[in-house]
Amino acid sequence: MPSRLSKFIDSSCKDFTHPWTDSCTSAAAGLGLHTLQESLRLYTTVYLVTFLMKGKIPSKKDVGRTMAGILQSTAFLSWSSFSYPMFICNLRRLLGGFHLLTVSFLPSFLSSLTAILIERPSRRTLLCLYVSNIASETLFRMGQSRGYYTSIPKGETYIFAVSMALLLYFLRSKTDKQDAIYKILRVIGKHEEIEYFKENCFQPNTLPSSTNEHDNKGSKKKHATSTERCEDNILMKSLGTYKRIIEAIKNQGKHVSCPHPYSCAHYILTGAMKLFSYGVGVQLVLNLVLRIKQLLRKPQLMKSIIFKKNTYNLAVFLGGFAGLYRLVSCSLRQFLQKDSSYYAIPAGFIAGLTFMSYSNNTVALYFMWKALQLLWNDLVEKEIVPEVKGFVIFLYCVSTALLFHVAIVEPQLLRPSYWKFLCNVSGDRIAAMSRIPIDKFGFETRKHLAEVLKKTNTTDKRIYSF
């Protein structure tokens, strides 16, 4: 690697950056204008969906704020694209050629630095988490391809489990929970939050009456047929049996330190079944929507979709996660005869292992970066580490620079979805940049680019006006 860093390539801008035009200015303008169109479409969709999810009638102020946000985010992404080839060409003129770090990494860092300052400060952390997520996965692939280490089976599950242990500890121990991640974590139940415990733990734990106040109300129809009476009798017996089972579970014992109502068995089962049903519903809806055209042609496929094993992976993960977390928490409260926010650490880790039934690198890395962010913020609050001004901006720029460097030099190591995103916003110019000079660095870039283009169904053969 040191020899590659010192290698110098005497090549012109046209030979590498913009082989479709002689003008550096035209190349930058063409990329910027195409990104402007794509980013305007992208951010309009993102902002409108976010706005509609709030579920309220917009005021003039809300509409104006939304429009301003769309234009500001569009300007951010457009400038990032416009300035990227501009910095490549200017650095080549300054240095007389290309080094490994100046073909993409340094120009991308500079373009990201100037662009992120345009974006709203409230969105910078979100953007940083997004690109850092992809960059960390890419960095791992780079090390793996060089033989520095090998992958660990189910490694994403362990990352997720450790991250959840830390995040759930913060959920249980912190009272100031402004971060949006806590809205996701609250699926485990309000009884596991410190606010609920403080409000209820010192009050007498009495079980709500199981008497049904409607048992003695109403009267049967006098003129019902014998069939109707039989059906009603079967239904009432079934409901009565179900009610007795639920009441029996509710009235099982629980430790005085458990903040939830009813028994621990009821608490564990209801949490698991609730999230299991949510998981089944979400997965079924997604599968049906994605295959709606096939279902219209072949309705018989409905059965195979419903009973397909993969349909229940999300449900198993969600239900198992909630059930195991509650089971471990209640067990520790009973065994140690008290409650503690530290129980969230082993409970979160054990519950997180259910992620192996629905493992996903993107999700695991997202929770990892959120855990690291909240941990750092906590250490700053406790004055254990100093607050680093501009760290979010720096991390965003480094992560983006790494991704653009890999896209140019080692595209096979980039996440396919991110490669498609780069091709989409650039009009495939990221693929059309010539890799012939880059091959001199010894990464077999042209060969790997051809493989990526075939795999992702993208092209480097488009014709550009400028």
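In which helix is Thr445 found? Here are some friendly notes to read alongside the structure.

1. This is a predicted model, in which local features need pLDDT of at least 70, side-chain atom pairs count only at pLDDT 80 or more, and totals for chains, interfaces and linings use all residues. Residues are numbered from 1 along each chain as its sequence is written, and side-chain values use heavy atoms, leaving out hydrogens and water.

2. Thr445 belongs to helix α20, residues 445-456 (helices are DSSP runs of H or I, at least four residues, numbered from the N terminus). Thr445 counts as buried because its relative accessibility is 0% (buried means under 20% relative accessible area, with a 1.4 Å probe and protein chains only). Apart from neighbours within four places in sequence, the contacts of Thr445 are Ile408, Val409, Pro411, Arg435, Ile438 and Asp439 (contact means heavy atoms within 4.5 Å).

3. Now look at helix α14 (residues 313-336) and helix α15 (residues 344-352): their axes lie 8 Å apart, at an angle of about 150° (axes are lines fitted to C-alpha atoms over the stretch in contact, and angles run from 0 to 180 degrees between N-to-C directions). The two helices are therefore roughly antiparallel, a term for angles over 145 degrees. On the α14 side, the residues making the contact include Phe321, Tyr325 and Leu332, and on the α15 side they include Pro346 and Ile350.

4. Leu332 sits in helix α14. Leu332 and Pro346 are 14 residues apart in sequence, and their C-alpha atoms are 9.5 Å apart in space. Beyond neighbours within four places in sequence, Leu332 touches Gln337, Lys338, Tyr343 and Pro346 by contact.

Methods:
Buried < 20%, exposed > 50% of the residue type's maximum accessible area, 1.4 Å probe, protein only. Parallel < 35°, antiparallel > 145°, perpendicular 65-115°, else oblique.
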